[in-house]
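Hello,

Here is the structure I promised to hand over. Please have a look at it, then read my notes below.

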Amino acid sequence: MPRGHGARIAGRDSRDKYALSAPELVENFFRHEYGRLVAVLSRQAGLRHLAAVEDAVQSALMKALQTWTIAGRPDQPSAWLYRVAHNNLVSELRQRDARTQILQRYPPVTTPSAGPNANSLMPGEVSDDLLRMLFVCCNDAVPDESQPIFALKTLCGFSVREISLRLFLTEANVYKRLTRARSRLRDHQIEPGELTPEDCAARLPAVHRILYLIFTEGHLSAHVQFPIRRELCDEAIRLGELLARHEIGQTPETYALLALMNLHSARMTARECATGGLLLLEEQDRALWNRNQMMTGFDFLARSATGDCFSRYHAEAGIVAEHCRAESFAETRWDRVVDCYLLLERIQPSPIHRMNRAVATAEWQGPEAGLAVLHGFEPPGRLAESYLWAAVNSDLHRRCGNREKAASYREAALNAAPSPAIQTLLRRRLANTSAPSSSAR
Amino acid sequence: MPSKKYLCIQRSQSGNCEHEPPSPAQMEAMYAKFNAWKEQFQDNISDLGGRLAAGGKVVSSDGATDGPFVEAKEIIGGYMILSAENLEEAADVARQCPGVTAPGSQVEIREISTP
C-alpha cells in the first residue's frame, strides 16, 4: 500500500523512509560518537586544536540531527559523521591558518569509506584513539581533580551542565577544572600519537583511578536519580573494557577493577525498592541481581588472580565477590570479607575501611568483636560527624545491649542523614533503640 | 488517506539569540522524540520539507533584489507539508512536532487548495 503520495525528499531513492523496520541507533550513540570523533580528530590535528575539534564534532552531530530526521539515517552513520566532522574541522582550520600545513596532510574526505582507523598496530602501542585520549589526560601536569572532568567531557560526551549535576559541583567549578586540564594539555604538548608504551605503563595507575572514581560517583551517590547513576557506572565499565582489550591495559589491576565494577553494578537494581527508597543488603531481593553481569565480574576476578601484586582493587573485588557468591545474607562468608578488609587496610589504610571491617567482624563474630575493632579508634572529624559512623555505632551498641549509647548514636545518625531516603532507611534499621527512660509514644 | 494538504511554515523572532547548544545526550533525546512523532503521524506526513537557508532572492516584475525582506521581524526557518482531514487535525499534528514549537518559534498552517 503506497505511503503518503508526496513523500519526496530531494536526493533520496524510493526506499520507504518511514519504515518501522528501520534499525535504531544504539543507545548513547550521539554521546559515544562525540567521544570517538573528538579522539580521532584530536590525534590528527593535535591537542592544541582541541576546541576547534569539539566545535566541528558538535556541528556534525547537529547536522545529523537535522538531516537524518528528515531524510532518514544513512547506511553508515559513523562514517557519515566522520566525514562531516572532518570537513568542518578542515575548513575551520583553513580559515585560521593560511599556511595550511594541516590541509596538505589531511585533504577533505569525500568518500564515506575513508576510515579513521588507519593506525599501524605495533605491539605494546595503543591503537585505539579513544584509549589514547584517556591516557593523554592522565598526565601528571593535569591536576587530579581535573582529570575525571576532562574524561567525562571529552571521552564520554557529557556537557558541563551534565557533569555538574552528576558530580554535585557548580557549573563554574566544572568549567574551571576543565579549562585547567585543557590548558595544561596544550602547554605540555604530549600528543596522543606520541604516547610510548612506557608513557602508558607509567600512567596506567592514574587511568585506573579515574575509572574507579567515575564508577564510585555513580555507584555510591545517594541523591541523584537511578538512570544517571547507572549511566556513570556504565561509562566506567565501557572504558575499562576498552582498556582491557589492549595489551597495555592487560594487567591484574585492570581485571580486578573490572571485576569489582561489574559485580557492584550487577546488584544495583536491587538496591532500591519499588517506591525508590533504599534497601539494606539483607532486604534486597537477590533474584533481581543481573546474573550475566555477575558472571562477567567473576570471569574478570579469575583473570585478576595472576602475578604477585595484590592491589586495593583486588581487595575490594574480593569483598563484593563474597557478597555476590552468597545465596542469602545469612550465608555470606563473613570471615573472608574480614580477611579482605584486613588486606585492604594494609594496602590503603583508611578509617572507612576500618569501620567497614568492624561491621563485617560483627557479622562474623558478634557485636562485641565488632565494637572491639573500633575500640580506642579516633576517627577523623569528617567521618566522626557522618551519619554512617553514628549508624554503625548505634547498631553495634544496640546489639550489645548498650541501650543509652545506641539511642544517642541513633539520634546523631538521623540528624546527620543527607537525604530523606537515607533517613527512612536509618529509622528502619536502627529501630528499638529508644532509651528506656523516654516517655511512651 | 487524508484528503487535504497543509503547508506549515515555521517562524521565529529575528535576533533570537541561540540558546546554549544542545549536548549530545540532549540531541539523542530530540532525535528519538522526532522519530517517535514521525512514526505516530506517518499517515499525516506528506513532505517533511526542511530548513530554509538564510540568504535568497526576492523577485518581482521590477527585477530581482537580494532577499529575504530585511525588515522582516520574523525569520522563516523551515517548512513541511502535512495531510489531514481538516485544519484542526493538521494543527494538532504540527503542534506535537518536537522542535517546532520551541520558545520564540511558531508554525503557520495554511491549506493548499487544489482544484
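**What each chain looks like**

Chain A has 20 helices and 0 strands. Keep in mind that this is a predicted model. Chain A runs to 441 residues, and 52% of them count as buried. Its exposed surface comes to about 21,600 Å², with 51% of that supplied by carbon and sulfur atoms. I also looked at contacts in chain A between residues at least 6 apart in sequence. Of these, 67% join residues at least 24 apart.

Now chain B. Its secondary structure comes to 2 helices and 6 strands. Along the sequence they follow the pattern β-α-β-β-β-β-α-β. So you can trace the chain as you read, helices and strands here are DSSP runs, numbered from the N terminus. Chain B has 115 residues, and 33% of them count as buried. It exposes about 7,300 Å², and carbon and sulfur atoms supply 54% of that area. For contacts in chain B between residues at least 6 apart in sequence, 78% join residues at least 24 apart.

**Where the chains meet**

How many residues of chain B are in contact with chain A? The count is 23 residues of chain B, against 29 residues of chain A.

The size of an interface is often given as the accessible area lost when the parts come together. Here, chain B and chain A bury about 2,300 Å² between them. Carbon and sulfur atoms hold 61% of that buried area. Which residues of chain B lose the most area to chain A? They are Pro24(B), Met27(B) and Tyr31(B). Together they account for 28% of what the chain B side buries.

Next, the polar side of the interface. The rule finds 0 salt bridges across it. It does find 6 residue pairs in polar contact, both residues at pLDDT 80 or more.

Which elements of chain B give two or more residues to the side that touches chain A? They are helix 1 (24–40) and strand 2 (45–51). Helix 1 of chain B provides the largest share, 10 residues. By type, the residues on this side of chain B divide into 11 nonpolar, 6 polar and 6 charged.

**Where to start**

Begin with helix 1 of chain B, the source of the largest share of the side that touches chain A. Then find Pro24(B), Met27(B) and Tyr31(B), which lose the most area there.

Best wishes

Technical notes. Residues numbered from 1 in each chain as written. Chains lettered and ligands numbered in written order. Predicted model: local features only at pLDDT ≥ 70, side-chain atom pairs only at ≥ 80, totals over all residues. Heavy atoms only, no water. Contact = heavy atoms within 4.5 Å. Buried area = accessible area lost by both parts, 1.4 Å probe. Salt bridge = Lys/Arg side-chain N within 4 Å of Asp/Glu carboxyl O. Polar contact = N/O pair within 3.5 Å; in protein donor to acceptor, adjacent residues only side chain to side chain. Helix = DSSP H or I, 4+ residues; strand = E, 2+ residues; numbered from the N terminus. Nonpolar A, V, L, I, M, F, W, Y, C, P; charged D, E, K, R; others polar. Buried < 20%, exposed > 50% of the residue type's maximum accessible area, 1.4 Å probe, protein only. Areas by Shrake-Rupley, 256 points an atom, 1.4 Å probe, with all protein chains shown as cover.
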